[in-house]
Each structure stands twice: as C-alpha cells, then as structure tokens.
Amino acid sequence: MPEGDTVWQAARRLHEALAGEVLIRSDFRVPKYATVDLTGRRVLSTVPRGKHLLTRFEGGLTLHTHLRMEGAWKVYGAGERWRGGPGHQIRVILGTDHRTAVGYRLQVLELLRTTEEERVVGHLGPDLLGPDWDPERALANLRTDPARPLGEALLDQRNLAGIGNIYKSELCFLLGATPWLPVGALPADRAEKLPGLAHRLLAANRDRPVRQTTGLRHQDLFVYGRAPRPCLRCRTPVRVADQGDGTQDRPTYWCPTCQTGPAPAPDAPQRWRERHRRTPM
C-alpha cells in the first residue's frame with residue numbers, strides 16, 4: 001500500500017486541479033455507480049486522511065477512494081494523452097474545463113454523504129500528516145498491545161495513520177529494533193521518540209519526488225529494498241523476510257547487527273524470494 005506522504009501528494013494534485021471548478025465530465029466505471037452523474041457540481045476540496053482520499057462536492061457528497069497496492073490518480077490537461085494504463089483499468093473520470101482527473105485501478109471507490117465520512121475513516125488513529133496529529137495518543141495506541149510485534153503495530157492504521165511498509169522498515173532501523181520486537185520490549189526512551197520520528201520522516205518527504213530517510217547522497221533508504229547489500233552503517237548484509245498474519249505478509253527489511261530483537265530463521269528470506277519469483281508482482 002502507498003505511504004502517507006504519497007497519498008498526501010495525490011490529494012494535493014487533485015485539490016489543485018479540481019477544487020473550485022465545476023465538473024463538465026463525470027464518468028463512473030463501476031457497476032454500483034454506473035448511473036451517477038456529478039456534472040454541474042462544483043468540487044470543493046480533496047483532503048487526505050491517512051491513506052484515504054476524500055473528494056468533496058457541493059451538495060454534500062464525498063468521493064472516498066483508496067489506492068491500495070496498484071491504484072493511482074492521474075491529472076491531465078486539456079488535450080493531453082492519458083498514460084495511466086489501459087482504458088479497462090479506469091474506474092472514474094472527473095473533468096473540468098481545464099483539467100481531467102482519472103482514477104486507475106482503484107479498489108476502493110465509494111460515494112457517500114459528506115456527513116458520513118467518519119463511517120469510512122473514523123476508525124483511523126492520529127494522522128501523521130493531518131491536523132489531528134497527536135503523538136501522545138499515537139504512542140498510547142501502540143502500547144495497548146505490548147506483545148504485538150513492532151512492525152505489525154506500526155502498520156495498523158488504527159494506531160497511527162500513514163505508515164506503510166517502507167516507513168515501517170526504516171523506522172525500526174532508526175530505532176535500533178527489529179520489526180519483530182514486541183512493542184512493550186522497546187526501551188522507553190526509544191518508544192517516546194517513535195511518534196515524533198515518524199512524523200518528521202513523513203513531513204520531510206511529502207514535498208519530495210523521491211523519498212529519502214538517510215540524509216545521504218545517492219542512498220535514499222537505510223534498509224528497505226537493500227537486501228542483501230551491505231548495511232549503510234555497519235556493512236552487514238541487510239536481510240529480508242515476510243511479516244504479517246499469513247494473509248497480508250509484507251516484505252520486511254532489517255539489519256541483524258544494528259537492530260536488536262527477535263527475527264525469523266535464516267531461511268525465511270530465501271522462502272520470500274522463492275515465493276515471489278514464482279508469483280509475478
């Protein structure tokens with residue numbers, strides 16, 4: 001799934017392209033909304049909420065979308081060729097006199113009353129890039145299940161909203177803890193730093209075209225995607241293994257020297273590589 005900074009950028013593109021404009025084209029290409037026509041309505045705003053996007057229209061309607069693994073919103077100028085994918089992958093088109101926003105491969109697309117937005121985002125924890133960001137509440141949420149592995153707790157959007165698999169791995173590295181370390185075993189001083197560190201990383205990257213966590217030239221990330229290359233700090237080969245409940249495993253990267261705590265058996269990274277070699281991404 002996309003990281004919170006990616007969703008924040010998508011919301012900004014949609015807002016800048018559509019907000020304040022009247023729709024002259026409205027095309028929903030999903031059966032549930034095939035007869036919906038929003039032409040003539042003014043777009044009020046698009047705002048991010050964690051990894052969710054809320055596009056609001058006059059008349060009290062909101063389009064709720066989520067990119068999941070493969071979704072994307074593309075914005076095109078008048079006469080510009082669409083390049084987001086084949087036509088059968090388009091789920092919705094919103095057009096004004098000057099811009100057209102096209103939603104590709106959106107696995108979540110829901111039209112609801114604006115007054116009902118809490119129904120789809122009310123379960124989320126504090127948004128790392130939102131006006132409701134509350135580091136103390138985020139930390140309290142993480143600590144509610146002290147036996148839960150840190151990496152899984154960070155991905156749970158009910159604890160804090162916006163962290164994806166990349167930031168999960170990078171945060172654990174910066175905290176010096178493996179993603180399998182129980183939340184309750186994380187030293188108190190590092191736990192207290194966690195929410196602020198997560199916030200700073202996402203805030204620093206929301207305006208960048210390329211995500212960067214290291215502060216180093218030509219080395220954007222500490223561990224994510226780097227296995228089996230050497231750790232940037234200690235030169236130990238970075239490892240990768242799945243983490244999850246068996247239904248939504250995520251490739252997880254860590255340095256076995258710089259990060260302390262439990263980790264999978266040494267053959268786990270090989271199982272991950274073999275499975276994904278057989279199944280094209």
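In the largest nonpolar core, which has 26 residues, Leu 150, Leu 154 and Ile 163 touch the most other members. At least two residues of this core come from each of helix H3 (135-142), helix H4 (150-155), H5 and helix H6 (188-205). The model is a predicted one.

**Nonpolar cores**
- Leaving aside residues up to four places away in sequence, Leu 150 is in contact with Cys 172, Leu 175, Ala 177, Thr 178, Pro 179, Leu 181, Val 183 and Leu 194.
- Another core, of 24 residues, lies apart from the largest one and includes Leu 38, Leu 61, Leu 94 and Leu 111.

**Asn 165**
- Asn 165 belongs to helix H5, which spans residues 165-175.
- With a relative accessible area of 9%, Asn 165 counts as buried because this value is under 20%.
- A polar atom of the Asn 165 side chain lies 2.5 Å from the backbone oxygen of Pro 251.
- Beyond four places away in sequence, Asn 165 touches Glu 3, Leu 155, Tyr 224, Arg 250, Pro 251 and Thr 252.

**Second largest pocket**
- The volume of the second largest pocket is about 190 Å³.
- Its lining comprises 14 residues, and Val 47, Pro 48, Arg 49, Asp 127 and Pro 131 are those nearest the centre of the pocket.
- Strand E2 (43-49), strand E3 (52-57) and helix H2 (118-121) each give two or more residues to this lining, and the largest share, 3 residues, is from E2.
- The lining of the second largest pocket consists of 7 nonpolar, 6 charged and 1 polar residues.

How values were computed:
Residues are numbered from 1 along each chain as its sequence is written. This is a predicted model: local features need pLDDT of at least 70, side-chain atom pairs count only at pLDDT 80 or more; totals for chains, interfaces and linings use all residues. Side-chain values use heavy atoms; hydrogens and water are left out. Helices (H or I, at least four residues) and strands (E, at least two) are DSSP runs, numbered from the N terminus. Buried means under 20% relative accessible area, exposed over 50%, partly exposed in between (1.4 Å probe, protein chains only). A polar contact is a pair of N or O atoms within 3.5 Å; within protein, one must be able to donate a hydrogen and the other to accept it, and residues adjacent in sequence count only if both atoms are side-chain atoms. Contact means heavy atoms within 4.5 Å. On a 1 Å grid over the protein atoms alone, a cavity is a set of points where a 1.4 Å probe fits but cannot get out, and a pocket is an open set with protein on both sides within 12 Å along at least five of seven lines; lining residues have an atom within 4 Å of a point. Grid points are joined across faces, edges and corners, and a volume is the space filled by probe spheres set on the points. Ala, Val, Leu, Ile, Met, Phe, Trp, Tyr, Cys and Pro count as nonpolar, Asp, Glu, Lys and Arg as charged, and the others, Gly among them, as polar. A nonpolar core is a set of buried Ala, Val, Leu, Ile, Met, Phe, Trp, Tyr and Cys residues joined through side-chain atoms within 4.5 Å.
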